[in-house]
Number of protein chains: 2
Amino acid sequence: MPVTDIATRVYDHGWRLDPVVRSLLDTDFYKLPMLQMIRHLHPEVQATFSLINRTTSVRLAETVDEAELREQLDHARTLRFSKKELIWLAGNNFYGKRRMFAPEFIDWLATFQLSDYELRTVDGQFELTFSGPWTHTTMWEIPALTILNELRSRMALKGKGRFELDVLYARAKAKLWSKVEQLRTLPDLVLSDFGTRRRHSFLWQRWCVEALREGLGSRFVGSSNVLLAMDNDLEAIGTNAHELPMVLAALAQDDAGVAAAPYRVLEEWQAHYDGNLLVVLPDAFGTTAFLRDAPKWLADWTGFRPDSMPPIEGGEQIMAWWQAHGRDPATKLLIFSDAMDVDSIQATYRHFQGRVRMSFGWGTNLTNDFRGCDPAGGTGLEPISLVAKVTSANGRPVVKLSDNPAKATGDPAEIARYLRIFGRDGRVEQMPVV
Amino acid sequence: MPVTDIATRVYDHGWRLDPVVRSLLDTDFYKLPMLQMIRHLHPEVQATFSLINRTTSVRLAETVDEAELREQLDHARTLRFSKKELIWLAGNNFYGKRRMFAPEFIDWLATFQLSDYELRTVDGQFELTFSGPWTHTTMWEIPALTILNELRSRMALKGKGRFELDVLYARAKAKLWSKVEQLRTLPDLVLSDFGTRRRHSFLWQRWCVEALREGLGSRFVGSSNVLLAMDNDLEAIGTNAHELPMVLAALAQDDAGVAAAPYRVLEEWQAHYDGNLLVVLPDAFGTTAFLRDAPKWLADWTGFRPDSMPPIEGGEQIMAWWQAHGRDPATKLLIFSDAMDVDSIQATYRHFQGRVRMSFGWGTNLTNDFRGCDPAGGTGLEPISLVAKVTSANGRPVVKLSDNPAKATGDPAEIARYLRIFGRDGRVEQMPVV
């Protein structure tokens, strides 16, 4: 006779909330070294982060219930770093470096709590903003995105039968495993999971990470998700993000200060970190402008992460810059992580093979590819281009240009000013899919 | 924190046997109407059933442990029909007929037990025979096959990791669902599960049946598996099998008696059953010979089940015979059930569409198609051509010819004699795959 656990069943009848985020470590690793530096150098900066849904055709507030969203955001605010998590952050080596996080920073984390939020619904979209000290609002980026994306998945799955769900996940598993089988034909592949922010769900990301571990062996080097890295003894992967040059540029007194901001932030970074953390993210205001004005000392850094230019084009520009500075690209590292999938990973790998060290960060197409998996069809499980960006710093507007004008964020007048400062060279409009 | 049910876990540490067969109803439906008739007309016949592995390349006794096989066979002998099962057999309508099974037969079933077996290992194969009253040995056919096939599956899966198994079953589910999606494009499809004997496992067959129910709706009409039919309120599907003409031919006094046996058994059958149970299985000694000598009254029967000739060729021969006897094939039924899969179902459906009523029995390729599903590769999950055939009756050798000489069973001298009696017309050698 089939055995049903009565306690579990009765609990299921009555449960109130299935939290999307259950740990403050369920975030991307880069947030932590950035946070330590922000706290050290810019503790007084006030920064506002805002949710931006670039897939305007999806009216998010008509899909996800606002009250449910509030419950999840409120639950995330109740979280604290646990003792085990703090001990691990203090004791673990990151990128081979011991004690990356200072004891005093760990002590500060012990009382850390996510700051308050403002939420309203306007014209079918959520206006969700986080205002307060940069040290606190920055930590909302990933949980805000994972909560919204998972609530959207749940709505798309609501009401489906047990069997339909079984087929759906069977197909998604079969699909991912076929991708893994293709990727393991690349002998020197170096790949990590970068799929936290746009994942289908936490449990599905965990399955994906396990699949990579089982299928890719040593080709799979780690996860950007700190919690999954801790739980699975994986490397936590990540360096820094656009918010650093964006905020520093916004706070600059004049155009010259804006133009200098992308390099000043890297000086600050270098004072804090070394080795594999010395990776340049060149595209906050455009890669072409960045390389044109970059100081020579940046050629000593370990690598670059081209993030909004097509990977081959971006990689070639950076390699040409290294060569112009007398460096052998074969000793340097390129990290590709913008909307990668099996085909673009294979093409990029083959293009650069033997000429440069490569590492791939596989995001949305790893942790949220359910295309063709729903027996009932529908588009509710297709990932959308949702971001949480810093939009103001000490009351001044913050701008991102990127290499792709479709990804620019900020006040139009300020965008125009930044375009005058950095120039328009090398910008290619592409519809951001994810 | 993940919850582990301690009682379940501790039980798992210590359990002795996971029975393949847990009910005497876990068999093909045709066994029951045949049993009622055998018991009525031939209660004294002694019959021996023997396991025959036609896939000689697979050395079964080197894969499956003999002691484990004995444990499963012994366990099957402990089974009795439960009260609920007997009440259902007595009260359910089969093919729209009430009280197909006489109360006296139901009473007799209440004490039914599978007979003893003889098992030895010879040259890497099992010699497994069941000797005794035909009424008892006939009931071993399906459990003997399901036990051997499932033990073989278990050996192929032994030692695989949790994750590898997860991918394997995800792929098998995705694969079956793609087949279902192809089949539901056929608007008037009538299909049943005939996959008990060569199933991967009981649980997998149950999943397959659920998939057909979910995906095919009214196109899916039932299962040959009596237990699954009962548990899921499906029609139990099946009529009669080769063993009837085979035994009657073996018991015949002379060649004329052998030649008459296939028709005599149908007279007996007609006296017991009617309607959709009046389906001719024409190929025990060859379809061409059967039709050549068939009496006119057979043209009044509901349909035919061609079983060892290619479906289109077999169907055309039978339709020509109906037309020669002045019957409109459009009012008649053809049941196709020999090694069918999605492609042959579609081709056969399209070939005969509008000209004859059709019903498909989908067997091994429904319940045991794991080709390409094992992440580690290997052939241990490929189905083999395993049958349990009646080999002697009252001490006389029993023969099957079929339309496919590769499927013939019996003593070579007797096969030669039967070939003289029935002729060689229409026989096509084909390697039996499943």
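This report describes how two chains of a predicted model are arranged, and then turns to one annotated region and one residue.

## How the two chains are related

Two copies of a chain are related by a rotation about an axis and a shift along it. In this model, chain B is superposed on chain A by a rotation of 180 degrees, with 0.1 Å of shift along the axis, and the RMSD is 0.0 Å. That is the relation of a two-fold axis. Within chain B, the C-alpha nearest this axis belongs to B:A170, and it lies 2.0 Å from the axis.

The interface can be described in a similar way: 100% of the interface residues of chain B are also interface residues in chain A, so the copies meet through the same surface.

## An annotated region of chain A

An unreviewed UniProt entry lists residues 191-415 of chain A as "domain: Nicotinate/nicotinamide phosphoribosyltransferase".

Where in chain B does B:T196 sit? The residue is placed in the loop between the strand β4 (191-193) and the helix α10 (202-216) of chain B. Because buried means under 20% relative accessible area, B:T196 counts as buried, with its relative accessibility of 0%.

Leaving aside residues up to four places away in sequence, B:T196 touches B:D26, B:D28, B:I142, B:T146, B:Q205, B:S224 and B:N225. One of these residues, B:Q205, is also joined to B:T196 by a polar contact of 2.9 Å between their side chains.

Key: Residues are numbered from 1 along each chain as its sequence is written. Chains are lettered from A and ligands numbered from 1 in the order in which they are written. This is a predicted model: local features need pLDDT of at least 70, side-chain atom pairs count only at pLDDT 80 or more; totals for chains, interfaces and linings use all residues. Side-chain values use heavy atoms; hydrogens and water are left out. Copies are superposed by least squares on the C-alpha atoms of residues with pLDDT of at least 70 in both. Contact means heavy atoms within 4.5 Å. UniProt positions are given in the numbering used here, feature names are shortened, and annotations may be inferred rather than shown by experiment. Helices (H or I, at least four residues) and strands (E, at least two) are DSSP runs, numbered from the N terminus. Buried means under 20% relative accessible area, exposed over 50%, partly exposed in between (1.4 Å probe, protein chains only). A polar contact is a pair of N or O atoms within 3.5 Å; within protein, one must be able to donate a hydrogen and the other to accept it, and residues adjacent in sequence count only if both atoms are side-chain atoms.
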